[in-house]
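I opened this structure for a first look. These are my notes, in the order I made them.

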Amino acid sequence: MRSRYILICAVVMLFLSVSFAFSQERNVTGEVSVTGVLPYVSGNEAKFNEYRDYKDSTVRPFAGGYLQYDNKKGYYLDFSASDIGYDTQRYSLEGGKYGSYKYSLLYDEIVHNQTWDARTFYGAPGSNTLDYVAASGNRPTNDTNNWVEFDYKTKRKRMDAGAELSLMKPFYFTVDAGREKKEGTGWAGISQNTSTGAEIPSPVDFTTDHMTAEIGYGKKPFFAAFNYYYQKFSNDDPYLNVRSPFPSVANNDKTPLAPKNDYQKFSFAGNTQLPWNSKFNLKAAYAMANSDKNLTTSYWTSGSSPTSVTYNDSKFDGSYNTQNYAGVLTSTPFSFLTGKAYYKYYKKDNTSDHIHWVQGGTEFTNPLFGYLKENYGAELDFGIMKNLHLIAAYGHNYIDRRREDIPKDKDDVYSMEARYKLPSLATLKVGYEYMVRAADHEWVAGDPVEEQYIRRYDAAARNQYGWKVDLQLYPLDYLNFNFMYKYTKVDYKDTTLGIQNTVRNFWGVNGDLTYFKWMKVYGYFDWDKLTTDQFQRRVQNQNAANPWGPIQNSTDYNWTADQSEKNYDWGLGFDFYPIPKKLTVRLGYDYVRSSGTVDYNYLTAAAIPSGQSNDSVDLNNVDNYRKEAFSIKAFYNATPALTLMGGWSYESYKYSDAGYNGYRYTLPVGSATPSVYYTGLYADPSYKANVYYLGANYKF
Amino acid sequence: MKKITLFCSILVLLVPLFLLMLPVGAVAQNAKYAGSDACKNCHEDAFKSYMGSIHGKAYVPGSPSKRDGCESCHGPGSVHVDKGGGKEGIISSAKQMAANCQACHGDSKALAFWNMGRHKSADVYCSDCHSSHVATKKNLKQPEPVLCYTCHKDIRSQAMRQSHHPINEGKVLCRDCHSPHGSFGKHMIKADSNNELCFKCHADKRGPFLHEHAPVEENCMNCHYAHGSSHNSLLVKRPPLLCTACHAGRHPSTLYGRDKMFTGPSPDPRAVSRSCTTCHYNIHGSNGAGEFGAFFVR
């Protein structure tokens with residue numbers, strides 16, 4: 001804390017001293033600001049602070065500013081800092097000589113607070129070894145009030161340095177290198193069979209290094225650039241040693257975490273001008289990724305000894321390469337006609353090890369997933385009269401996957417758009433898109449019988465329709481208004497089990513009005529509704545996998561889920577200038593609301609749980625929340641250089657979800673030997689906060 | 001006779017068509033440069049803001065202020081001055097000004113692929129986002145993401161949802177993932193595939209893994225939204241329904257209704273909290289042992 005205040009004072013003094021030193025020359029401009037923030041938070045402080053670093057009932061000074069140096073001979077230097085000393089701090093230095101070179105340095109921190117005061121029976125949450133003091137047999141205590149508290153929180157620290165040389169125009173050279181460290185506590189799980197599991201904290205200790213270099217040439221009629229990108233990821237905690245509470249004896253279940261990997265990419269991108277106001281663009285890229293991991297050779301179930309796994313090779317070397325080629329031809333041969341034609345090829349080849357192992361007398365081998373994507377198409381933009389354009393396009397996509405259920409997809413995409421633009425007044429766009437996807441479905445004898453009927457939505461055949469209307473009005477310098485409507489419907493036409501259809505309606509409006517010289521009003525409204533219908537079947541008996549077969553009972557039954565998700569948000573802002581150029585009062589209000597429902601239906605009466613009905617099992621709160629934020633701030637320009645600011649804001653976030661309401665840390669409730677343990681991740685994120693601000697901003 | 005009639009009909013239709021295509025506000029053929037001081041007399045605020053921006057700095061190589069100042073972008077303005085103002089006789093349309101921007105910046109690597117970008121084909125011009133009369137970084141009229149939201153309202157709505165990338169917090173900028181001036185990637189992303197882009201910040205998900213989850217390997221967007229979602233972890237749907245959409249069998253495709261929630265008579269771990277991913281936590285891919293690794297529970 002003390003070091004943070006020292007840092008803040010030092011940086012502020014640096015800003016001010018530089019400004020005084022160069023004040024006579026007027027080569028340096030900038031500003032420095034300090035704002036004291038005092039929040040009072042009730043409820044979930046982590047959610048309030050999700051990407052912030054405020055502290056309840058504590059004044060924290062947030063300082064920042066920028067310095068711009070320009071020697072008026074072509075050399076410049078820009079330095080900016082924000083949130084000095086806090087988990088959201090950022091420092092950036094850029095400089096160079098116009099037209100010759102530039103360089104940049106960046107340091108940035110991003111904090112992500114997910115849940116504070118989570119709890120676990122493990123003694124050292126966030127470490128790579130999770131153990132506990134057994135209370136009975138191998139079981140931990142069920143007294144959750146005595147569990148250890150910890151925070152689910154991660155912080156990224158990014159350092160980046162870059163330079164660009166353009167002395168030898170039209171040639172240029174850029175290089176950039178950086179490191180990001182991500183540290184904190186995330187989550188993992190431990191499960192012994194299909195009815196036991198525990199949510200557990202997991203260490204996050206990642207380092208990601210990258211380097212990129214590019215050399216290019218840009219002068220009409222050519223542009224060409226060669227680029228090399230390298231990234232290396234390492235994890236200081238490659239394994240998590242966990243004592244599972246479910247076996248009958250003390251144990252160490254070693255579970256692998258994210259493996260280290262490295263990635264390189266070589267690419268070329270360029271284009272050349274052609275006759276008839278045309279351009280041909282070309283890209284070619286080749287990339288390789290590698291990882292390796294010493295495989296764990298056992299895992300614990302609920303017994304008294306682990307299950308062993310014997311591999312043909314105890315080390316897995318993973319690798320894949322990608323190839324990407326694309327050619328795009330654009331042309332405007334006449335002022336009223338613009339065309340585009342393209343071809344793109346992308347292939348991912350999985351060249352990882354095949355690892356064989358035997359379990360329960362059966363031999364397994366890991367399948368290697370790879371795919372090929374090809375797409376081509378054309379677009380024509382025809383100016384049929386002044387300010388009115390008609391655009392028609394066709395695209396074809398082909399996907400070939402190394403996947404058993406749906407290895408191939410073929411898409412045909414047709415679209416039309418009309419665009420009417422009245423200069424300095426309005427733009428209206430109306431568009432329609434239709435896509436039809438043909439999908440091969442394969443099932444071979446020996447696969448689970450229900451796989452004959454499942455169509456996975458990411459690859460399943462579909463008809464997709466979409467409309468879009470976009471109106472922008474800007475009749476006056478001080479009046480802007482935008483309206484957008486989007487409709488999309490997807491019919492998964494061949495799907496028996498899975499998503500049947502989705503429909504999305506989106507409305508969005510925003511506008512701003514500056515009225516006279518003493519008021520500005522701005523506002524927005526968005527409304528988004530998504531509905532999804534699913535048809536599913538519970539299959540216990542492989543002979544009963546056919547959804548339309550004769551077996552319909554309490555363990556093999558069909559059911560449907562009609563889901564609806566509505567999101568809407570709106571906001572209003574007013575800027576008043578009671579004393580023009582001297583006093584500004586800013587009022588703002590934002591409202592965000594989401595509500596989700598699921599209408600479940602058992603299609604077999606025998607399957608309805610005792611005491612329930614098709615109505616009682618419905619969910620009427622699926623990720624429901626309401627967030628409001630109101631603020632009022634006043635800015636007073638005491639002098640041309642000094643601005644004082646004071647304000648208050650109120651935030652309220654109220655969340656309700658059927659899966660989190662009435663949260664418990666163990667299930668079954670009250671059991672001496674729970675089958676599931678939780679830590680409180682994402683539980684009860686609601687909060688209310690009053691935040692007070694007082695600050696000053698000095699310009700020089 | 002019929003052919004002559006047809007020919008004349010086409011001519012009658014085409015002539016007004018060509019006439020209609022004449023650009024608005026074209027600079028008069030006999031216009032001369034009036035000098036920036038002439039512009040300053042009527043447009044003092046605009047002149048001041050221009051001089052404060054990078055385009056007003058004469059020591060920057062290629063700067064318009066070393067050439068014809070205001071008229072480098074707005075065209076020779078003598079006719080405009082003689083007429084006492086008005087939109088005729090001066091370049092004021094976004095389309096014409098974009099051509100002037102391209103004249104200087106067209107060779108830059110930032111604009112190398114502008115011709116194939118979605119913004120170009122949607123008639124988004126330079127002056128829709130940039131202005132020579134502001135002294136902001138990259139001469140943007142408004143900061144990101146507010147600038148982008150003026151057109152991309154659906155993205156604004158998503159970015160405000162409870163689970164979101166820190167876009168509105170200023171920690172992830174639109175141009176960290178997208179190239180607004182055009183690129184080969186779909187939606188103008190700065191990568192050849194969605195996964196390649198996501199792995200730049202989420203390299204822990206890259207693998208390759210012994211046990212792969214095919215839809216994850218193909219496209220992160222199969223399960224996640226990029227900008228924001230009502231569901232935790234930016235998921236497109238709340239589990240278990242997300243997972244049930246692809247996986248049938250016994251416990252994946254049991255109906256987990258209200259009776260199985262914490263407040264119901266038969267709470268089930270597959271219904272509550274993080275649902276399937278409480279146990280199947282390594283859902284992006286696993287190097288775990290044997291069958292348990294293959295089911296992502298290790």
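**Charges and overall build**

I began with charge: in chain A, the mean positions of the 74 positive and 76 negative charges lie 7 Å apart. Lys and Arg count as positive, Asp and Glu as negative, and His and the chain ends are not counted. I placed each charge at NZ of Lys, CZ of Arg, CG of Asp or CD of Glu.

I noted that this is a predicted model, where local features need pLDDT of at least 70, side-chain atom pairs count only at pLDDT 80 or more, and totals for chains, interfaces and linings use all residues. Residues are numbered from 1 along each chain as its sequence is written, chains are lettered from A and ligands numbered from 1 in the order in which they are written, and side-chain values use heavy atoms, with hydrogens and water left out.

Next I looked up the size of chain A. Its C-alpha trace spans about 85 × 65 × 55 Å along the principal axes. I found two helices and 36 strands in chain A. These are DSSP runs numbered from the N terminus (helices H or I, at least four residues; strands E, at least two).

Of the 700 residues in chain A, 49% are buried. Buried means under 20% relative accessible area, exposed over 50%, partly exposed in between (1.4 Å probe, protein chains only).

I followed strand 7 (residues 148–165) of chain A. Strand 5 (residues 101–120) of chain A runs antiparallel to it, with 17 bridges between them. Two strands pair if DSSP finds at least two bridges. A:Leu105 has A:Ala161 in strand 7 as its bridge partner.

Strand 7 of chain A also runs antiparallel to strand 8 (residues 171–193) of chain A, through 13 bridges. There A:Lys153 stands opposite A:Thr185. A hairpin of five residues joins strand 7 to strand 8 in chain A.

**Cores**

Which residues touch the most other members of the largest nonpolar core? I found A:Tyr122, A:Ile200 and A:Tyr600, in a core of 70 residues. Such a core is a set of buried Ala, Val, Leu, Ile, Met, Phe, Trp, Tyr and Cys residues joined through side-chain atoms within 4.5 Å. Apart from it lies another core of 14 residues, including A:Ile499 and B:Cys246.

**One residue of chain B**

I ended at B:Ser157, in helix 10 (residues 153–159) of chain B. B:Ser157 counts as buried because its relative accessibility is 0%. Leaving out residues up to four places away in sequence, B:Ser157 touches A:Phe506, A:Asp526 and A:Asp569. Contact means heavy atoms within 4.5 Å.
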